[in-house]
Amino acid sequence: MRPKTNLAAPSEPSTSRGRRTVWVAIIVGCLPTSLVVACYWQQGFVAAGRCATELVMPVSVIWMLLFAAAIWFASIRERGKAWIFAAAFLAWTVLGNEHFKTAMFALVESPLTDQPHPALEKRTENNGLRQTPWPLDALVSLGGSAQIVLDDFAEVTSDGERIVSAAQAYHAGATRTIITTGTSSDGIGNPSEIGKDLLISLGVPEDRIYEIAGQNTQQEMQSLAEFLTNPPRRWLTQLDESSNQQIVIGLITSAFHMPRAMRLAEVEKLKLIPLPCAFRVTRTNRPFLASQLVPTAGNLDSLSLVIKELMAKVLGR
């Protein structure tokens with residue numbers, strides 16, 4: 001009778017497995033260390049500290065774990081799993097990267113224009129009087145730029161420049177009136193009301209602010225068309241223009257949202273001057289910094305905005 005043969009693969013000695021683990025840890029540790037050192041070499045201690053902070057954030061930790069998994073499976077020669085994790089690591093690197101975010105925003109952000117000047121607070125001197133070369137009859141500040149934090153207490157969000165730019169325009173004499181927009185689906189914190197309150201707090205007279213409804217951009221443009229079709233008598237009086245002159249209206253919204261807003265305005269046959277603000281991408285000539293290679297939650301969040309706007313364009317909204 002033949003003796004039974006043990007066909008199980010011999011187990012790896014613990015010393016060999018421990019040595020492999022140490023080498024994998026060293027290789028993986030070189031990634032964050034090299035980035036921090038590079039930042040220190042480029043811009044000093046503060047830049048290195050900021051890079052180190054980014055590296056301990058959840059998005060960056062996941063990034064390094066993917067890299068570690070790829071190295072580990074490669075070390076034990078499980079090439080299939082190694083390639084899967086390597087692909088995931090590269091995808092995470094690209095999607096969360098600042099340069100990729102910048103390239104994607106170039107597809108949706110409305111560019112700055114020279115005429116009219118994007119800086120609404122800029123005024124020219126004319127015989128000692130400060131005035132703008134292109135006064136607007138009204139400026140539409142789209143909602144979604146502020147939120148209720150507590151009852152009767154509101155703050156601007158990352159798109160708060162919509163409110164600030166509108167206030168600057170009024171105080172610079174660039175617009176005679178301001179129209180705020182937006183209705184909350186639950187009735188709490190209507191964007192048009194929040195926008196009006198914040199504009200008043202910035203010194204804009206209450207009687208120069210008008211509100212229109214709309215739970216999304218499409219509805220806001222429909223409400224604007226209705227407002228212009230049958231405008232309040234007080235608003236027409238404030239324009240101080242003869243009836244045969246065309247009313248000039250500017251539109252303020254975030255740069256990434258401007259193309260969609262203008263498409264929907266054209267559907268309603270509205271002729272608006274686009275005045276983009278709240279840019280997500282700065283186009284200044286700043287030097288490259290190693291920390292820009294680190295994926296961040298902010299970059300992924302910005303990417304979601306780009307995807308949303310591209311989907312809206314495909315769906316004709």
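Which residues line the largest cavity?

1. The model is a predicted one, in which local features need pLDDT of at least 70 and side-chain atom pairs count only at pLDDT 80 or more, while totals for chains, interfaces and linings use all residues. Residues are numbered from 1 along each chain as its sequence is written, and side-chain values use heavy atoms, with hydrogens and water left out.

2. The largest cavity is lined by Gly-143, Gly-144, Ser-145, Ala-146, Ile-163, Pro-191, Ile-194 and Gly-195. A cavity here is a set of points, on a 1 Å grid over the protein atoms alone, where a 1.4 Å probe fits but cannot get out, and a lining residue has an atom within 4 Å of a point. Helix 7 (residues 191-201) gives the largest share of this lining, with three residues; helices (H or I, at least four residues) and strands (E, at least two) are DSSP runs numbered from the N terminus.

3. The space in the largest cavity comes to about 40 Å³, and the count by this rule is one cavity of 30 Å³ or more. Grid points are joined across faces, edges and corners, and the volume is the space filled by probe spheres set on the points. The lining divides into four nonpolar residues, four polar ones and no charged ones, where Ala, Val, Leu, Ile, Met, Phe, Trp, Tyr, Cys and Pro count as nonpolar, Asp, Glu, Lys and Arg as charged, and the others, Gly among them, as polar.

4. Six salt bridges are found in a search of the whole structure, a salt bridge being a side-chain nitrogen of Lys or Arg within 4 Å of a carboxyl oxygen of Asp or Glu. One of them joins Asp-137 and Arg-176, at 3.0 Å from N to O. Asp-137 lies in strand 3 (residues 136-141) and Arg-176 in strand 6 (residues 175-181), so this pair ties together parts that are 39 residues apart in sequence. Asp-137 counts as buried at 4% relative accessibility, whereas Arg-176 is partly exposed, with a relative accessible area of 23%; buried means under 20% relative accessible area, exposed over 50%, and partly exposed in between (1.4 Å probe, protein chains only).

5. Lys-196 forms a salt bridge with Glu-206, their closest N and O atoms being 3.7 Å apart. Because Lys-196 lies in helix 7 and Glu-206 in the loop between helix 7 and strand 7 (209-212), the pair ties together parts that are 10 residues apart in sequence. Lys-196 is buried, at 15% relative accessibility, and a network of salt bridges links Lys-196, Glu-206 and Glu-211.

6. Tyr-210 is also placed in strand 7, where Tyr-210 is buried with a relative accessible area of 6%. The C-alpha atoms of Tyr-210 and Thr-177 are separated by 7.8 Å, although the two residues are 33 apart along the chain.

7. Most residues other than glycine have a negative phi. Arg-77, however, has a positive phi of about 65 degrees; Arg-77 lies in the loop between helix 3 (58-75) and helix 4 and is exposed, with a relative accessible area of 74%. Ala-278 has a positive phi of about 50 degrees; Ala-278 is in the loop between strand 9 (273-277) and helix 11, and counts as buried at 13% relative accessibility.

8. Glu-78 and Lys-81 form a salt bridge, with their closest N and O atoms 3.4 Å apart. Glu-78 is partly exposed at 32% relative accessibility, and Lys-81 is partly exposed with a relative accessible area of 42%. Trp-83, in helix 4 (residues 79-95), is exposed, with a relative accessible area of 65%. The C-alpha atoms of Trp-83 and Phe-73, which are 10 residues apart along the chain, are separated by 8.7 Å.

9. A nonpolar patch on the surface is formed by Ile-307, Met-311, Val-314 and Leu-315, which together have about 440 Å² of accessible area. Patches are made of residues with over 30% relative accessible area and no salt bridge, like charges being joined within 9 Å and nonpolar side chains (Val, Leu, Ile, Met, Phe, Trp, Tyr) within 5 Å; accessible areas come from the Shrake-Rupley method with a 1.4 Å probe, and for residues only the protein chains shown count as cover. Val-314 belongs to helix 11 (residues 297-314) and is exposed, with a relative accessible area of 72%.

Conventions: On a 1 Å grid over the protein atoms alone, a cavity is a set of points where a 1.4 Å probe fits but cannot get out, and a pocket is an open set with protein on both sides within 12 Å along at least five of seven lines; lining residues have an atom within 4 Å of a point.
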